[in-house]
Amino acid sequence: MSTRQEAAVEVVWSALHRRVPLATAVVSLAIAAPAGIGATRILLGMDLPYALVAAGAAGTVLLVVVAAYVHGVARLRTTRFRLTAERLELRVGILTRQHRAIPRDRVRSVDVKADVVRRAFGLAVVKVGTGEHTSGESAELTLNGLAAAEAESLRRTLLSGVAARESVQEDGGQAIAGLRWQWVRYAPLSIWVFVGGAVAIGAIKKVLDVFGLDVFSASMAKAAWEWLIANPWISVPVVVTGSLLVGLVGAVGLFAETWGGYRLEWEAGTLRVRRGLLTRRSLTLETGRLRGVVVAEPLLLRLGGGAKVRAVAVGLRKAEGDESEEVSALTPPMPRAEAVRVASRVLHASPSPVAMAGGLDDLRPHPKAARSRRVRPALATVATLAAAMAVADLLTGWIPAAAWALPLIALPVASALALDAYRGLGHRLTGSHLLTRAGSALRTTVALDRGGIVGWRIRQSFFQRRLGLITVAATTAAGDGHYDVLDVDASEGLDLAAQAVPGLLEPFLLRRES
Amino acid sequence: MAEVTLRPPRNLADPRAIAWWTVQSFLLAVPLAAAAVAGYWFFAPHSPALGFAVAALAAACLLLAALAPRACYRVQRWEITDEAVYVRSGWLTHTWRVAPMSRIQTVDTARGPVQRLFGLADVTVTTASSAGAIKIEALDHELAAELAARLTAITQATPGDAT
């Protein structure tokens, strides 16, 4: 890519912070320590004198740390960036040189993150996102290692175009929500509490493996399993309680780490989320990119009266492997009323500030046919299960009498879920937004900006056709790409789509008075 | 309340599409049927019941390959107005796609090797949504090129980045 001459000449290239190599070296200890321990184990097995073993282990650790440090220095030497009047430019690459540039008016989100080590060194990582959806190569620039203050000022400058338009004071963002520690009570209301114990045991085993302690040897596992089978009345409660306790502690810990210091504010034409106890994160979203909000209520959280809010925004990256929360998350799990309040405040600040009468509830229910479409498959599944068991019993006679409790329990559970899924269905059109709600295991209420709808995808399966139902999906550049009004009455659904985006669908509709 | 339905888009695919789809489906169905018959002939015991089943399977394959393209041709329809692209497809599950001109991001035409023998081309229209592209299949290749040019001209004239 060739650099343009105008306006770019006088802006000097700046480098990353000089403490970057040191921070990289410290981070590398996470790899160096296990490597050292591994080396110790191998050397011990070779019958060498202890001094030599110690030297070998120390050498391994040193090698890793020095390699990390050298890599850090190379990165520091080769990475240059500058912010010109038009674009943010980045030159990276130790072996392959890369020159990347993002036009400043394409910058849609700025993500500032600092983990424990980087915070100790006063560093932060800045990720600048554009609204690009398509290209396989990530359309974001990462500046790994700026001074925290520099990162903050870069964040402000990059989004200052918005600030200038809105003519709002730079400081003093208007708070929408802040953390209340009593919300931690919602943290355990997740599936992780039930599987957390098993995950934790797996993690501990892995760590012990590294140290060469094979606690869970095959014979021991077998013995433990036999004991568990032999004493079900003691073992089942103990295992379940233990697993729940570990899961509980894990969930609370995760909540604290993810949401400690949480603050959501409306700042000069941008929406800013700050959170994280150890690893600090700050995500700034240009509100021009906001297309709506999602109020998500996973089943357990819903039963506990809680909900979470996510943003529907253009150009948000996907969560990476080490992130426990989606990038679009605007709130921790919180009381539902509070979540609805936050959601409507975020919506009001969005480009079409029409007040939403009735909030996010008060939706139109869907026809009874949609209920049959949920209850029938649920009943059919249970019936199939029972039939399969009956056949197996006839053929082999191996089905114990107690196993018949399974379909008996499954019947009310499946029916309840099906009815709950039906009750969840609903939609409404407000002056500015299309509201749609669906789901039982994960109920989501979406408020999608009508101006953000880039088309329709309307589907009718064979069974829907017989029941007079239709699924109307509004496609959008933001979030999941499409948001569906599921199993709505065919006429009503088409009418809804026609009204939501005036003029788009109308020419293709036939209206017959009945 | 008035009953609201979607009217089908005005245009069908090019009639040559039936021939193209038939060739394509036979390319798949003939080897399948042949394999079944060959398997029966060389490896299986020659029982009348099995023979009948294999013959039925082979016949069904060929029949489906002959009829499916005609069914496809009847359900796949498209229309381009000054404001929007409108496409219908699917046989058991009907799918209608509508995208306004102002939100179209890219327009592509594509021609496969067999398709080229029949002088056909596909037009693919994408919007900023990740919900998938809108595909108009099996148009006369000159018509496809003309449509693509027209759509490109309209979308370039629209300001903004169509999100």
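Predicted model: local features only at pLDDT ≥ 70, side-chain atom pairs only at ≥ 80, totals over all residues.
**Figure 1. Helices α11(A) and α12(A) are roughly antiparallel to each other****.** Residues are numbered from 1 along each chain as its sequence is written, chains are lettered from A and ligands numbered from 1 in the order in which they are written, and side-chain values use heavy atoms, with hydrogens and water left out. The axes of α11 (residues 368-396) and α12 (residues 405-424) of chain A come within 9 Å and cross at roughly 165°; axes are lines fitted to C-alpha atoms, for helices over the stretch in contact, and angles run from 0 to 180 degrees between N-to-C directions. Helices (H or I, at least four residues) and strands (E, at least two) are DSSP runs, numbered from the N terminus. Contact (heavy atoms within 4.5 Å) involves residues including A:R371, A:L379 and A:M389 of α11(A) and A:L411, A:A418 and A:Y422 of α12(A). By class, this contact of α11(A) with α12(A) has 17 nonpolar, one polar and three charged residues. Here Ala, Val, Leu, Ile, Met, Phe, Trp, Tyr, Cys and Pro count as nonpolar, Asp, Glu, Lys and Arg as charged, and the others, Gly among them, as polar.

**Figure 2. Helices α1(A) and α2(A) are roughly antiparallel****.** Helix α1 (residues 20-44) and helix α2 (residues 50-78) of chain A pack at an angle of about 155°, with their axes 7 Å apart. Their contact comprises 21 nonpolar, seven polar and one charged residues.

**Figure 3. In chain B, the axes of α1 and α2 come within 8 Å****.** Helix α1 (residues 16-42) and helix α2 (residues 48-75) of chain B cross at roughly 175°, which makes α1(B) roughly antiparallel to α2(B). The contact residues divide into 21 nonpolar, three polar and one charged.

**Figure 4. Spans of chains A and B are listed by UniProt as "transmembrane region"****.** The unreviewed entry for chain A lists residues that include 234-256 and 378-395. The end C-alpha atoms of residues 234-256 of chain A lie 33 Å apart, and the span is 100% helix. For residues 378-395 of chain A, also 100% helix, the corresponding distance is 26 Å. In chain B, the unreviewed entry places the feature at residues 21-43 and 49-68. Residues 21-43 of chain B are 96% helix, with end C-alpha atoms 33 Å apart.

**Figure 5. Six strands of chain A form an open antiparallel sheet****.** The order is β14-β13-β12-β17-β16-β15, where two strands pair if DSSP finds at least two bridges between them. Strands β14 (334-335) and β15 (426-429) of chain A stand at the edges with a single partner each, so one side of each is left without a neighbour in the sheet. Helix α14 (residues 490-500) of chain A packs on the sheet and touches β15 and β16 of chain A, its direction making about 35° with that of β15(A). Four bridges join β15(A) to β16 (residues 433-438) of chain A, and A:R428 stands opposite A:L435 in β16(A).

**Figure 6. Strands β19(A) and β20(A) form a hairpin****.** Strand β19 (residues 469-476) and strand β20 (residues 482-489) of chain A pair in the antiparallel sense over six bridges. Five residues lie between β19(A) and β20(A), and A:G479 in the turn has a positive phi of about 55°.

Definitions and conventions
Parallel < 35°, antiparallel > 145°, perpendicular 65-115°, else oblique. UniProt positions renumbered as here; feature names shortened; annotations may be inferred.
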